[in-house]
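Please read this short report alongside the sequence and the model. It takes up the way two chains meet, and then looks at a single residue.

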Amino acid sequence: MDYLQIANSVPMWLAAGAAIFLVLFQAFIFVKKSYATGKEIGLTEDQMKSAMKSSFITSLGPSVVILTGLLTLLVTVGGPMAWMRLSFIGSVMFELMAASFGTEAVGVKMGIDPMTNVAFANAVWTMILGSIGWIIFATLSASKMDKVQQKVSKGDKGLIKVISVAAMLGSFGSLVSGHLVALNNNTIAALAGGAIMLALSPLADKNNIKWLKEWALAIALFGGMFVAIAF
Amino acid sequence: MDKNKDIFESDYLPYVNRWGKITNWLGVLASFGPALVLLVGFDIMPPVSAIITALIAIASAVGINWVIEPISYFPIVGVAGTYMAFLTGNISNLRVPSAAVSQKVAGVEPGSREGAIIATLGMAVSVIANITILTLGVFAGTAILSKLSPEVLAAFNFLLPSLFGAIFVQFALMKLNIAPIALALGIGLTLAVNAGIFSFLPGRPTYMVTLGAVFGTIAIATALYKNKSVNKGAAIDEKN
């Protein structure tokens, strides 16, 4: 049987569907609990609803990027795996890398040699085993990290904020650096996205323009893309 | 305030930890589903040696991120957010941006309790939005996407660098004095990796950039903050 027939078979769809159902279930119970607790600790419904709305708007751009990654995965590992893997634990870059390591280990170069059943199965195994490290470490450490954070900062709220923002600046500083030193159109996209945000964010804050706060990132995202195309 | 503290610590956190652990361990099991289908339904099992070879390759490429990422994203996404982010993936390109924008729009501080709740709400919405779009994409998308010209698809590649630039600036505006430090560390380490300075390490050591930039920035920012508070404290002492 051709590997894509197996990859796109009903049992594979069911296995992928079960995992995705679990993700949705978790998101649902966490929203319910967080919304109720948010009200109790003094967040207004307006705050929480506009947070959720802005998150929806912000999700659209990156989801388009993920969707194009889906196309690449779809042709190599079939619909169910592509659908499941991009909703579950991994990310496009990781999945493509894992899939190609998996097939190469049985002597099949992805995109060059014809895929065999065993190569496909090894890609599946590699995607699974390569990604559960994240979920295992995060699950074991989540409740402990809260205590570590309290201990390190000794409840100093100013310090907690400094550490939070420093961690994010470090993460995104390293993510953006790769594009900055590339000195190609990605560099332009990164600089333009940053520049648009630099203009819009203070503008929205100073004049308290709510819609602009919600849309600023989406505008910067696509604006940066258009500037990079124009060059 | 005490009552709020009680609800968050005595009710919210235990609930999140219990259900986060249950759902994530089920997630670990569920992720083996397709492999099990191949084995039981189609009798396909790759040789164990091939699985191990591929696992070593992928682990040396990303393994260190299994530990760095949960730690470095924790301050912004909180306890519930950590369970959710690492079950669903797409963290830097989707979950953290959603959490950050939500916190900004709601006007709450990252690292605070309110921040954790808002980040969780924002991320959950991004999970639902992302899965909806992917589901439409996987069933109808092949037809639609194959009709898009290669130019349009190539243009989408610019969305990611643009996103990283914009998110960096959003956090930079919160602490202007820390941003240049983070950027200098990021660029310096990226150039060092490109120049092959870390080539004695296994894999392609881009993780050195993340590792150095995240913990270097935290260390320098903490030192600057403590220095400032000490000075402030000294000034108050003098007045007294």
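## Salt bridges between the chains

A salt bridge here is a side-chain nitrogen of Lys or Arg within 4 Å of a carboxyl oxygen of Asp or Glu. By this rule, three salt bridges cross the interface of chain A and chain B. In one of them, the side chains of B:Asp11 and A:Lys33 come together with N to O at 2.9 Å.

This is a predicted model, in which local features need pLDDT of at least 70 and side-chain atom pairs count only at pLDDT 80 or more, while totals for chains, interfaces and linings use all residues. Residues are numbered from 1 along each chain as its sequence is written, and side-chain values use heavy atoms, with hydrogens and water left out.

## The interface as a whole

Chain A brings 138 residues to the contact and chain B brings 139 residues, where contact means heavy atoms within 4.5 Å. About 12800 Å² is buried between chain A and chain B, with carbon and sulfur atoms giving 80% of that area; buried area is the accessible area (1.4 Å probe) that two parts lose on being put together, summed over both.

A:Lys33 lies in helix α2 of chain A, which covers residues 10–40; helices are DSSP runs (H or I, at least four residues), numbered from the N terminus. Because its relative accessibility is 17%, A:Lys33 counts as buried, a term that means under 20% relative accessible area (1.4 Å probe, protein chains only). Apart from neighbours within four places in sequence, A:Lys33 is in contact with B:Asp11, B:Tyr12 and B:Tyr15.

Technical notes. Chains are lettered from A and ligands numbered from 1 in the order in which they are written. Helices (H or I, at least four residues) and strands (E, at least two) are DSSP runs, numbered from the N terminus. Buried means under 20% relative accessible area, exposed over 50%, partly exposed in between (1.4 Å probe, protein chains only).
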